[in-house]
Amino acid sequence: MSALPHEPAPIPPVDPLWYKRAVFYEVLVRGFYDSNNDGTGDLRGLIAKLDYLQWLGVDCIWLLPIYASPMRDGGYDISDYFSILPEYGDLGDFVQLVDETHRRGMRIIADLVMNHTSDQHPWFQASRIDPDGPYGDFYVWSDTDTKYKDARIIFVDTEKSNWTFDPVRGQYYWHRFFSHQPDLNYENPAVQEAMLAVLRFWLDLGIDGFRLDAVPYLFEEEGTNCENLPKTHEYLKRIRKEVDQLYPDKVLLAEANQWPADVVQYFGDGDECHMAFHFPLMPRIFMAVRREQRFPISEILAQTPRIPENCQWGIFLRNHDELTLEMVTDEERDYMYREYAQDPRMKANIGIRRRLAPLLDNSRDQMELFTALLLSLPGSPVMYYGDEIGMGDNIWLGDRDSVRTPMQWTPDRNAGFSQCDPGRLYLPVIMDAVYGYQALNVEAQMRSPHSLLHWVRRMIDIRKRHPTFGCGSYEELGASNPSILAFVREFGDDRVLCVNNLSRFPQPVELDLRRYEGVVPIEMTGGVPFPRIGELPYLLTLPGHGFYWFMLPTHP
């Protein structure tokens, strides 16, 4: 691996706003690299690949759940918050992973499921058996299944109700997700204390923060939809206060699949979560490009409230779940299914279970345009493992396993992911004619300077040299052509102009840049000066699905 122009230094002791400039990379430990050849990826395997992530320019690794679990829901069904899933390693491996990550100038956060546990968790088992015992009130129990009728069912493919009857206790228990994932009862102060103890345990081991799973559902209240309740925000503020006091420069990233006006509440006054995902933006990027018009992106960003200065959006194109279509209208959902999920197998829950490259028909131009949008729109980009090489999916696998197949490292046995018997792999590697590992892998793309992998790395490097992408203002320019999304980002002396053609055809555009009269735009991937900005509209032509990033110097 060649050296980066700017080698990362070890992370500074305290940098409270690091997450605003960071590029995040989501890793499925099970699918990244198998160090002991048992067919499942593990923490030591991830340690072995940290040099690759450093080379790519990643600032922070996001681990999907690593805790002990029956693995009926990819680890989101935790059975012990204080131990590592044995297949992944042990706490010693985790501490080594944290140390090695920090040594390379990167940080590491992990999923933490606060809303529910596995039904195999000792708390739940004790709660079933002994209603009057110390854990009897740790979960939400009821004699009937008629409470909280206004709460929607999230996994509509598999669950008919948010209540399930437990024959041992003789009562119903509440669950917003799968029936094997009972919700914790946050009305019980002991539950609140227990979860704080969980956070402290991992922060003491050196982790840099958490992605808080399913936080809108912590509390229930009759007559509401049981989402985003004031008590939930009060508890999150309490967590934030404790984290700030004891563990400065850590990050809390909220997973709240809600409209921006609701999500923004998770920032509080800068005293709740540091970050939150911008879920509604993601499907609208896909919608805008397929419709060849900027309006879906423009409208959702216009509806997005301002957030406190010390907070940041997390933006993404794809992740380990389905491409969720919860935050779109029924008409928009039908459109997305029609355009991106022609095969019924591609649908899951309320979404589409496909990876980025197949969604874009393996179009290199579109993958570059989408990645450029991810790296330049307001927020910190979160990349999904394998998308940097254009990995495919396998819609013949169940549920969301279609997008969780092993990372493709080399053209060797099992894609270089593991040396085990192929039958032992946790999921089969992709072997189809277009996305098969024999041709599509990290090793092959490392050898080609024009590969998608090298292109992504170069774009990340450009982003990291311009803090405005993470911290700057956002102002959309009313371009004359509706297929063009143009905007200016500005942070101090760092000012950039981004122009994106959402159409498959070449497009001209005239931009009103009079306020920058006299400035010479410099194209950022090649450092090429473009014509000086004058009084007249600035004319550009872009190829189909093309884009420009220009630096607009603030000093002659």
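Predicted model: local features only at pLDDT ≥ 70, side-chain atom pairs only at ≥ 80, totals over all residues.

Trainee: Where is Met-71 placed, and is Met-71 buried, partly exposed or exposed?

Mentor: Met-71 is not a glycine, yet it has a positive phi of about 60 degrees. Most residues other than glycine have a negative phi. Met-71 is in the loop between β3 (67-68) and β4 (80-84).

Trainee: In which loop is Cys-226, and is Cys-226 buried or exposed?

Mentor: Cys-226 also has a positive phi of about 60 degrees without being a glycine. The loop that holds Cys-226 runs between β9 (209-213) and α8 (230-246). With the limit for burial set at under 20%, a relative accessibility of 1% makes Cys-226 buried.

Trainee: Within what arc do the buried residues of helix α6 fall?

Mentor: In α6 (residues 122-129), the buried residues are Trp-123, Phe-124, Ser-127 and Arg-128. Seen down the helix axis, these residues line one face of α6, because they fall within an arc of 130 degrees.

Trainee: Which elements do the buried residues of α6 pack against?

Mentor: On the other side of α6, Pro-122 and Ile-129 are exposed. The buried residues, among them Trp-123 and Phe-124, are those that make the packing contacts in question. Their partners are β4, β6 (141-142), β7 (163-166), β8 (171-174) and α7 (189-204).

Notes. Residues numbered from 1 in each chain as written. Heavy atoms only, no water. Helix = DSSP H or I, 4+ residues; strand = E, 2+ residues; numbered from the N terminus. Buried < 20%, exposed > 50% of the residue type's maximum accessible area, 1.4 Å probe, protein only. Arc of directions from axis to C-beta. Contact = heavy atoms within 4.5 Å.
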